[in-house]
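Hello,

Here is the structure you were going to look at. My notes follow it.

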Amino acid sequence: MSRPDVKAFFDHDTNTVSYVVTDPETRHCAIVDSVLDYAPNSGRTRHGSAQQIVDYVKQEKLTVDWLLETHVHADHLSAAPWIQEQLGGKLAIGEHITTVQETFGKVFNAETEFARDGRQFDHLFKDGETYKVGNLEARAMHTPGHTPACMSHVIGDAVFVGDTLFMPDYGTARCDFPGGDARTLYQSIQTLLALPDETRMFLCHDYLPDSRKEYVWETTVADQRKHNIHVHEGISEEEFVAMRESRDATLDMPRLILPSVQVNMRAGHLPPEEDNGVSYLKIPLNAL
Ligand SMILES: N[C@@H](CCC(=O)N[C@@H](CS)C(=O)NCC(=O)O)C(=O)O
Ligand SMILES: [Fe+2]
């Protein structure tokens, strides 16, 4: 089984992990879940986090095959289009992005020109679709539950699971966003736990439970099966759903959900500029 080099970038502001996944043979890579820095007080976007990824790719002389978004993130803005401008590569997400665009197109009463067929992306992955990163074999797995369009990506001996499982001592992703569903997430997680035991598993966030001092984002399938506090072997679907739904009822919306979703449903592009050349975000009152 081929083994990609995996370089992680941790964004402290949103607890998000981005990855550059490289085929050591061809030096072709995929960039997974990049972050555009956003200051909600000023409405200012910056490229500090994304620049670190661009610098790394240039320094290592890598060719970018793919910019993968595991889902329409609700907690940070994607830097994928900005990175693509400098490095190339195909920007891709799961085919069920169309459902997310329908839902949030309505929530934000988006302009009629806002296409809800996923055309803002270069490629829409289907469940089980295979593709390559350099010579590495890769496969997209539809793993909904947190959102309807969530995909995980198996690349060589590694899997990038987006928001499904977090570290075993933290548990799993929430299921209370529009289109989320705890029962569906349980089923998706079973497909991830059925991967080979030794598969390296890379997570999209770490929220540092009280029991731990260091951020961690890598584990294995075997470790999750044995130790994940929400879904280890022996926990039934009913038990999981009851736990997840009661926990979700206690969670606040992510700090950046309104800006994130408006931008990420457009593949990371800002809304069209108004006649004064400025792009605006909306705040729907009492809608979420
Ligand atoms: N405090 C964070 C919360 C982020 C959040 O809700 N994260 C989602 C993933 S986008 C999640 O699944 N959290 C799981 C949980 O806290 O149980 C923020 O405001 O950004
Ligand atoms: Fe998420």
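The shell around ligand 1 divides into 4 nonpolar, 2 polar and 5 charged residues. (Nonpolar covers Ala, Val, Leu, Ile, Met, Phe, Trp, Tyr, Cys and Pro; charged covers Asp, Glu, Lys and Arg; the others, Gly among them, are polar.) Around the ligand are Thr14, Ala74, Asp75, Asp163, Ala173, Arg174, His205, Arg247, Leu251, Pro254 and Arg255. A residue is near the ligand if its C-beta atom, placed from the backbone, lies within 6 Å of it.

Bear in mind that this is a predicted model: local features need pLDDT of at least 70, side-chain atom pairs count only at pLDDT 80 or more, and totals for chains, interfaces and linings use all residues. Residues are numbered from 1 along each chain as its sequence is written, while chains are lettered from A and ligands numbered from 1 in the order in which they are written.

Now the overall fold. The protein has 7 helices and 14 strands. These are DSSP runs, numbered from the N terminus (helices: H or I, at least four residues; strands: E, at least two). The radius of gyration is 18 Å, close to the 19 Å that the globule rule gives for 288 residues, so the protein is as compact as a globular protein of that length. (The radius is taken over C-alpha atoms; the rule is 2.2 Å times the number of residues to the power 0.38.) The C-alpha trace spans about 55 × 45 × 35 Å along its principal axes. Of the 288 residues, 45% are buried. Buried means 20 or more other C-beta atoms within 10 Å of the residue's own, exposed means 12 or fewer, and partly exposed is in between; C-beta atoms are placed from the backbone.

The UniProt record, an unreviewed entry, annotates residues 15–205 as "domain: Metallo-beta-lactamase". Such annotations may be inferred rather than shown by experiment; positions are in the numbering used here, and feature names are shortened. Over residues 15–205 the chain is 23% helix and 28% strand. The end C-alpha atoms of that stretch are 5 Å apart.

Helix H3 (residues 97–107) has Ile97, Val100, Gln101 and Phe104 as its buried residues. Seen down the axis of H3, they fall within an arc of 100°, so they line one face of the helix. (The arc is that of the directions from the helix axis to the C-beta atoms.) The buried residues of H3 pack against strand S7 (90–94), strand S8 (123–125) and helix H7 (257–264). Contact here means C-beta atoms, placed from the backbone, within 7 Å.

H7 is mostly covered, with 7 of its 8 residues buried. Its buried residues pack against strand S4 (37–39) and H3.

Some backbone points to check. Most residues other than glycine have a negative phi. Asp33 has a positive phi, near 55°. Asp33 sits in the loop between strand S3 (28–32) and S4, and is buried, with 26 other C-beta atoms within 10 Å. Leu208 also has a positive phi, near 50°. Its loop runs between strand S13 (200–202) and strand S14 (218–220). Leu208 is partly exposed, with 14 other C-beta atoms within 10 Å. Asn109, which follows H3, has a positive phi near 45°.

Last, Thr199. This residue lies in the loop between helix H4 (182–193) and S13. Leaving out residues up to four places away in sequence, Thr199 touches Asp157, Ala158, Val159, Thr220 and Val221.

Best wishes

How values were computed: Two residues are in contact if their C-beta atoms, placed from the backbone, lie within 7 Å.
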